[in-house]
Amino acid sequence: MMFHGKKYYIIIIIVSALLITYLHYWTTPKNHILHNIQTELHYIPLLLGAVVFGLRGAVLTFIFITLLYLPYFITSWSDPFLSVINRVLHILLSGLISSLAGFLVDRERKQRRQSEKDRYLADIGRVATTIVHDLKNPLITIMGFARRIKEGKGNTDQAVEAIIESAGNMQRMVFDVLDFSKPIRLTLGEEDIGEIINRACDSCKTRAEGEKVALSVDLPDKPLKLLIDGFHMERAIVNLINNAIDASREGGEVKISAVYDKDALIIRIKDHGTGMDKETLEKIFIPFYTTKRVGTGLGMSIVKKIIEGHQGTIRINSQPGAGTEAVIELPYELSADKP
Ligand code: ADP
Ligand code: MG
C-alpha cells in the first residue's frame, strides 16, 4: 500500500480513537450499558492499526488510547478495587489482542514477501539454466568437430563450417543476453539508414547462405539520412533478419526495404516463411518467449527497446504458412535531411 493511502488510515485511527474516548467520558455517569458497549468500540482503531501497520501500528494505537484514558483512570482511582482491576485488565487485554493481530499481520506480510522473492529467484534460475543449456549444444558441436579436425577425420571444410555456424549461434545468444541485461544508451548521430541495412545484411550473409535463404535489399537512390544510433539500429535489424532467416524455408527470400513515407521513414523486413499463429504473435515481445529449440526469446524485446528508444514504432504482420513482415516506423524528427 502506498504511503499516500496510509495517511488516511492514520487520520481515521486518530479521529475514531478520539471520538470513542469522548463518548466514553460523555456516557460515564449517564448510561452504563451504552458506556460498556462503546468501551468495546476501542477495538476498531486498535485492530485497524494492527491490520494496516502491523505490530508497530497496534502498539502505537494502544499507547495513544491508553494516554487518552489516563485522566479517567486518575479521577476514578478511588472506585472499588475490583472495578479498577477490571478496567486495567480490560485495557491490557485489548492491547494484547491487537498486538497479537499486528504480529500475525507482520508475519503474513513477511512470508508473502519471501515467497515473491523465492519466485523471482526461481525465474532467474530457470532463465539462467535455459541459457546455459542452450549454450551447451553449440559448444558440444564445436568440441566434436574440432576433435575430428585434430584427428584428421572427415571433411575439414565441413567441420570448419559447422564450427563457424555453432560459434555464430553462441555469439547471437551472448549478444542477446548482453543487449537485454543492460539499459540501452543511444548515441545519436547522422546516419544513412541504407548503409546500416547493408551492414546488417553483410553480417547475416554467411548465415543466410548456410540456410539457403536469399537476402535482397530494396533502397531508394537517395541516401536516407536520420539522426539515430547506428550501432543499435543495426543490432535491431540484424535481429529481425535473423528471425526471418529462421522462419524461411530452403530457397526462400528475405526482403529488406526502406522508404520515406508521408510521416515517417519506413523499414520493412519481409519473409515468406512459417508465419506465426495468434498466440505467438501476441507473445512475440515478451522477454524469454521463444518457440525455437535454440533461442533466447530476447531478440524481439531488444528490437522493441531500440526502436522505441528512437521514438519509433514496430508492427508485425504475419499469416501462418504465408510469412511475416516487420514494419518499423521512425519519425521525421530524427531526420537530419528531410525529403
Ligand atoms: P528467439 O529468436 O530467440 O526465439 P525472438 O524474441 O527473436 O526470440 O522471437 C520470439 C519468437 O517470435 C520466435 O521464437 C518465433 O516464434 C517468433 N518469431 C519472430 N520473428 C518471426 C518471423 N519472422 N517468423 C516467424 N516467427 C517469428
Ligand atoms: Mg530472434
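Student: How far does a polar side-chain atom of lysine 292 lie from an oxygen atom of ligand 1?
Tutor: The distance is 2.7 Å between that oxygen atom of ligand 1 and a polar atom in the side chain of lysine 292. Please keep in mind that this is a predicted model.

Student: How many residues surround ligand 1?
Tutor: There are 20 residues around ligand 1. The closest are Thr290, Thr291, Lys292, Gly297 and Met300.

Student: Which part of methionine 300 is 2.8 Å from an oxygen atom of ligand 1, backbone or side chain?
Tutor: A polar backbone atom of methionine 300 is at that distance from the ligand oxygen. With aspartate 271, by contrast, the side chain is involved: one of its N or O atoms is 2.9 Å from a nitrogen atom of ligand 1.

Student: Let us change topic. How is the chain divided?
Tutor: Domain 1 covers residues 1–182, and domain 2 covers residues 189–331. Their C-alpha centres lie 43 Å apart.

Student: How many residues of each domain are in contact?
Tutor: On the side of domain 1 there are 13 residues, in contact with 16 residues of domain 2.

Student: And what area do the two domains bury between them?
Tutor: Domain 1 and domain 2 bury about 1,300 Å², with 60% of this on carbon and sulfur atoms. Within domain 1, the residues that lose the most area to domain 2 are Asp176, Asp179 and Phe180, which together account for 43% of what that side buries.

Student: What is the count of salt bridges between the domains?
Tutor: The count is 1 salt bridge between domain 1 and domain 2. Aspartate 179 forms a salt bridge with arginine 235, and their closest N and O atoms are 2.9 Å apart. The interface of the two domains also has 2 residue pairs in polar contact.

Student: Which elements give two or more residues to the side of domain 1 that touches domain 2?
Tutor: They are helix H4 (81–150) and helix H5 (156–181). H5 provides the largest share of that side, 9 residues. By class, the side of domain 1 that touches domain 2 has 6 nonpolar, 1 polar and 6 charged residues.

Student: Finally, how many salt bridges does the structure hold?
Tutor: The structure holds 12 salt bridges.

Methods. Residues are numbered from 1 along each chain as its sequence is written. Chains are lettered from A and ligands numbered from 1 in the order in which they are written. This is a predicted model: local features need pLDDT of at least 70, side-chain atom pairs count only at pLDDT 80 or more; totals for chains, interfaces and linings use all residues. Side-chain values use heavy atoms; hydrogens and water are left out. Domain bounds come from an automatic or database domain assignment. Contact means heavy atoms within 4.5 Å. Buried area is the accessible area (1.4 Å probe) that two parts lose on being put together, summed over both. A salt bridge is a side-chain nitrogen of Lys or Arg within 4 Å of a carboxyl oxygen of Asp or Glu. A polar contact is a pair of N or O atoms within 3.5 Å; within protein, one must be able to donate a hydrogen and the other to accept it, and residues adjacent in sequence count only if both atoms are side-chain atoms. Helices (H or I, at least four residues) and strands (E, at least two) are DSSP runs, numbered from the N terminus. Ala, Val, Leu, Ile, Met, Phe, Trp, Tyr, Cys and Pro count as nonpolar, Asp, Glu, Lys and Arg as charged, and the others, Gly among them, as polar. A residue is near a molecule or strand if one of its heavy atoms lies within 4 Å of it.
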